[in-house]
Amino acid sequence: MQTVRIGHVEIGEGRPCIIVPLTSSSLDGLMDEAMALADLPAELAEWRIDLLEGAVKDTPEGPMPDLPYILQVLAGLRTVLPVALLATFRTVEEGGSCPVSDAGYEALCRALCDSRNIALLDVEAFHRSGRAAALIACAHERRIPVVASWHDFHATPDKDEIVGR
C-alpha cells in the first residue's frame, strides 16, 4: 500500500491518525473549534464546509458556493489551526447539509486546490457530474492528496464491492 505524508503524519502505515471534524455553522464557532485543537491529540482537521452558514448562496444558475467567503474563512482557519487541514464539501446526495450545483461543486474543489491552504481534498468519488477524475487530477497537479469518498447509507457493502469501487 502506498502511504501519504502530510507534515509529520503518515497515512496508510502504522497506527490510525486522529482527524477531528470542524463542523460549526457559525464563523465564531468554527474558529473556536480550530483553536481548541491545540489542546487535543489531533493530527489532522477536517472542515465540513457545507455546514457553515453562508457557504452557499442561491443564484440564477442554482445553488453556488460563495467562493470569496469560503476562501476568506479558509485563510483565517489556517492562521489558527495547529494541524493540517482536509477540506470537505459534502453534497446532499452524500449526506451533506445543503444543495450545490455540479458547476458549483467543481468550482469549489478547484478554488480550494488553488488556494494552497489545504493539505488534503475530499472528492466524492461518484459525484453525479461524472467529473471526479478531473477534480482528482486537478488536486494532484497541485500536489494535494485526495480522499475519494463514497457513502452507502443503507448497508456496508461486502469487501469485493468496496475494493472494486
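Leaving aside neighbours within four places in sequence, which residues is Ile 49 in contact with? Point 4 takes this up.

1. **Basis.** This is a predicted model: local features need pLDDT of at least 70, side-chain atom pairs count only at pLDDT 80 or more, and totals for chains, interfaces and linings use all residues. Residues are numbered from 1 along each chain as its sequence is written, and side-chain values use heavy atoms, with hydrogens and water left out.

2. **Overall layout.** The protein chain holds 5 helices and 9 strands. Helices (H or I, at least four residues) and strands (E, at least two) are DSSP runs, numbered from the N terminus. Their order along the sequence is β-β-β-α-β-β-β-α-β-α-β-α-β-α. The chain has 165 residues, and 40% of them are buried. Buried means under 20% relative accessible area, exposed over 50%, and partly exposed in between (1.4 Å probe, protein chains only).

3. **Contacts and surface.** Contact means heavy atoms within 4.5 Å. Take the contacts between residues at least 6 apart in sequence: 68% of these join residues at least 24 apart. The accessible surface of the protein chain is about 9000 Å². Carbon and sulfur atoms account for 53% of that surface. Areas come from the Shrake-Rupley method with a 1.4 Å probe; for residues, only the protein chains shown count as cover.

4. **Ile 49.** This residue sits in the loop between E4 and strand E5 (56–59). Ile 49 counts as buried because its relative accessible area is 0%. Neighbours within four places aside, Ile 49 is in contact with Ala 55, Ile 70, Ala 87, Thr 88, Phe 89 and Leu 112. Ile 49 and Pro 65 are 16 residues apart in sequence, and their C-alpha atoms are 9.5 Å apart.

5. **Main core.** A nonpolar core is a set of buried Ala, Val, Leu, Ile, Met, Phe, Trp, Tyr and Cys residues joined through side-chain atoms within 4.5 Å. The largest one has 36 residues. Its members that touch the most other members are Leu 22, Trp 47, Leu 77, Leu 81, Leu 85, Leu 112 and Leu 121. At least two residues of this core come from each of strand E3 (19–22), helix H1 (27–36), strand E4 (44–48), helix H2 (67–80), strand E7 (84–88), helix H3 (102–115), strand E8 (120–124) and helix H4 (132–141). H3 gives the largest share, 5 residues. A second, separate core has 5 residues, including Ile 6, Leu 44, Ala 84 and Leu 86.

6. **Leu 112.** Residues up to four places away aside, Leu 112 touches Ile 49, Ile 70, Leu 74, Ala 87, Ile 118 and Leu 121.

7. **Helix H1.** Which residues of H1 are buried? They are Gly 29, Leu 30, Met 31 and Ala 34. The cover over these buried residues includes E3, E4 and H2.

8. **Leu 71.** Helix H2 contains Leu 71. Its relative accessibility is 29%, so Leu 71 counts as partly exposed. Beyond neighbours within four places, Leu 71 is in contact with Ala 111 and Ser 115. Leu 71 and Ser 115 are 44 residues apart in sequence, yet 7.4 Å apart in space, C-alpha to C-alpha.

9. **Met 64.** Strand E6 (residues 62–65) includes Met 64. Not counting residues up to four places away, Met 64 touches Ala 55, Val 56, Lys 57, Thr 59, Val 100, Ser 101, Ala 103 and Gly 104. Met 64 and Gly 104 are 40 residues apart in sequence but 4.8 Å apart in space, C-alpha to C-alpha.

10. **Two arginines with positive phi.** Arg 116 is not a glycine, yet its phi is positive, about 65°. Arg 116 lies in the loop between H3 and E8. Arg 116 counts as exposed because its relative accessibility is 56%. Arg 143 also has a positive phi, near 60°. Arg 143 belongs to the loop between H4 and strand E9 (146–149). Relative accessibility is 76% here, so Arg 143 counts as exposed.

11. **Second largest pocket.** On a 1 Å grid over the protein atoms alone, a pocket is an open set of points where a 1.4 Å probe fits, with protein on both sides within 12 Å along at least five of seven lines; lining residues have an atom within 4 Å of a point. Grid points are joined across faces, edges and corners, and a volume is the space filled by probe spheres set on the points. The second largest pocket holds about 210 Å³. Its lining has 11 residues, and Val 4, Ile 11, Leu 120, Val 146 and Val 147 lie nearest its centre. By class, 9 are nonpolar, 2 are polar and none is charged. Here Ala, Val, Leu, Ile, Met, Phe, Trp, Tyr, Cys and Pro count as nonpolar, Asp, Glu, Lys and Arg as charged, and the others, Gly among them, as polar.
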